[in-house]
Amino acid sequence: MHDAATCGTCRACEPLDLLRFGLDTAAYDHVIALAGNPNTGKSTLFNALTGLRQHVGNWPGKTVVRAEGAFRYQGAKYKVVDLPGTYSLLSYSVDEEVARDFILFGRPSVTIVVTDATCLERNLNLVLQVLEITDRAVVALNLVDEAERQGIRVDASTLSEDLGVPAIPIAARYRRGLPELLQATHAVATGIARLSPKRLRYTDDRLEEAIAKLEQEVLQIFPDLPNARWVALRLLEGDESVLQEVRNGTLGRLTHSTAPQNRTELRVL
C-alpha cells in the first residue's frame, strides 16, 4: 500500500507538486467537498488526492459514513471531505440531506462534482443543483478513457462555457488530468478564479417575484444564510426537510446565525 505519510517525493507525485497527508486533516487552509452520483469514481479520486488512506467516521447524528483526508498543493493544505454518492440534493434520503447540508452550510472552499463522462447527461442534474447552491465549483469529467473507448467525445471547453465553471477531463485511476484539476481547484479556492455559474431563471415574472419576496423573508430570519434563493425555492416546492429545519430553527443553527426571539413566521409555512 502507498505510504501517505511519506508520499510527495515519489515519481508519481512530483509532477503534480502534490504532498499527500492521508489521515492528517489538522490545520488546513481550504476545504474541498467531493460530490457526485454513485459509481462515478469519486472515491478513486479521493484516494488519488489523499494517498489511499481515509479518516472514516459517521456524520453527526447520522449513520452515514464520513471520509476525510488531506494533501498539500502549491503551499496550501487542503482537507478533502468525500460526500455520500447522491443523484440529487433534494433531501429525499439521508445521503442527499447530508450532501446538501455540507455544500450549503459547510461552505467548502471548492466543491468538485465528479461525473461519469460515459453518461454525462445523467450526471448533469446533480451538477446543476450544486451550481444552484454555490459558485465555487469544479466539474471533474471522470472516466474519459472509458468514454474514448466507446467513441464518446466530451467538449470540455464548451461545457465549461455553458456551465460557467471549469470542466476538467480526468481518468482518476490513471491520475490522468489531475494536474489540470488541481490547478483549477487551487485557482477557485484561492480566489484567483472568480466564477459565474449558470443558474436557472424562470420566464414567469410572477414566479420570480414570489421567489425574490420569499428570499428576503428568509434572509430577515436567517441573515447568515449563504444562499437564501435556494432555500426559497425548496420552500415553494414544499420540501419537507427544509420546511422542518425552518420550523424547528435547525436552519439557523446550521448557519450559525441567531434568529430574533420574536421572529416572524414565514407566511409560506
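The structure is a predicted model, and its chain comprises 10 helices and 8 strands. Of the 269 residues in the chain, 52% are buried. When contacts between residues at least 6 apart in sequence are considered, 70% of them join residues at least 24 apart.

**Helix α8 and its contact with α9**

- Helix α8, which covers residues 228-237, is mostly covered, since 8 of its 10 residues are buried.
- The buried residues of α8 are Ala-228, Arg-229, Trp-230, Val-231, Ala-232, Leu-233, Arg-234 and Leu-235, and just after this helix Gly-238 takes a positive phi of about 80°.
- Helices α8 and α9 pack with their axes 8 Å apart and at an angle of about 110°. Because angles of 65 to 115 degrees count as roughly perpendicular, α8 is described as roughly perpendicular to α9.
- The crossing of these two helices, α8 and α9, is left-handed.
- On the α8 side the contact involves Trp-230, Val-231, Arg-234 and Leu-235, and these meet Val-242, Leu-243 and Val-246 on the α9 side. Sorted by class, the residues of this contact of α8 with α9 are 6 nonpolar, no polar and 1 charged.

**Helix α2 and its contact with α9**

- Helix α9 (residues 240-247) also meets helix α2 (residues 94-105), and the axes of α2 and α9 come within 12 Å and cross at roughly 55°. That angle makes α2 oblique to α9.
- The crossing of α2 and α9 is right-handed, whereas the crossing of α8 and α9 is left-handed.
- In this contact Glu-97, Arg-100 and Asp-101 of α2 meet Ser-241, Val-242 and Glu-245 of α9. The contact of α2 with α9 is made up, by class, of 1 nonpolar, 1 polar and 4 charged residues.

**The aromatic pair and Tyr-78**

- A search of the whole structure for aromatic pairs finds 1. It is formed by Phe-71 and Tyr-78, whose ring centres are 5.2 Å apart and whose planes lie at 10°, so the pair is stacked.
- Both members of the pair, Phe-71 and Tyr-78, are buried.
- Tyr-78 belongs to strand β5, which covers residues 76-82, and its relative accessible area is 1%. Because buried means under 20% relative accessible area, Tyr-78 counts as buried.
- Leaving out residues up to four places away in sequence, Tyr-78 touches Tyr-28, His-30, Ile-32, Gly-69, Ala-70, Phe-71, Tyr-73, His-186, Ala-189 and Thr-190.
- The C-alpha atoms of Tyr-78 and Ser-109 are separated by 9.3 Å, although the two residues are 31 residues apart along the chain.

**Thr-115 in strand β6**

- Thr-115 lies in strand β6, which covers residues 110-116, and with a relative accessibility of 1% Thr-115 counts as buried.
- Apart from its neighbours within four places in sequence, Thr-115 is in contact with Thr-40, Leu-120, Asn-123, Val-127, Val-139, Ala-140, Leu-141 and Asn-142.

Technical notes: Residues are numbered from 1 along each chain as its sequence is written. This is a predicted model: local features need pLDDT of at least 70, side-chain atom pairs count only at pLDDT 80 or more; totals for chains, interfaces and linings use all residues. Side-chain values use heavy atoms; hydrogens and water are left out. Axes are lines fitted to C-alpha atoms, for helices over the stretch in contact, and angles run from 0 to 180 degrees between N-to-C directions. Helices (H or I, at least four residues) and strands (E, at least two) are DSSP runs, numbered from the N terminus. Angles under 35 degrees count as roughly parallel, over 145 as roughly antiparallel, 65 to 115 as roughly perpendicular and the rest as oblique. A crossing is left-handed if the near helix is turned anticlockwise from the far one by less than a right angle, and right-handed if clockwise. Contact means heavy atoms within 4.5 Å. Ala, Val, Leu, Ile, Met, Phe, Trp, Tyr, Cys and Pro count as nonpolar, Asp, Glu, Lys and Arg as charged, and the others, Gly among them, as polar. Rings of Phe, Tyr and Trp (its six-membered ring) pair if their centres lie within 6.5 Å; planes under 30 degrees apart count as stacked, over 60 as edge-to-face and the rest as tilted. Buried means under 20% relative accessible area, exposed over 50%, partly exposed in between (1.4 Å probe, protein chains only).
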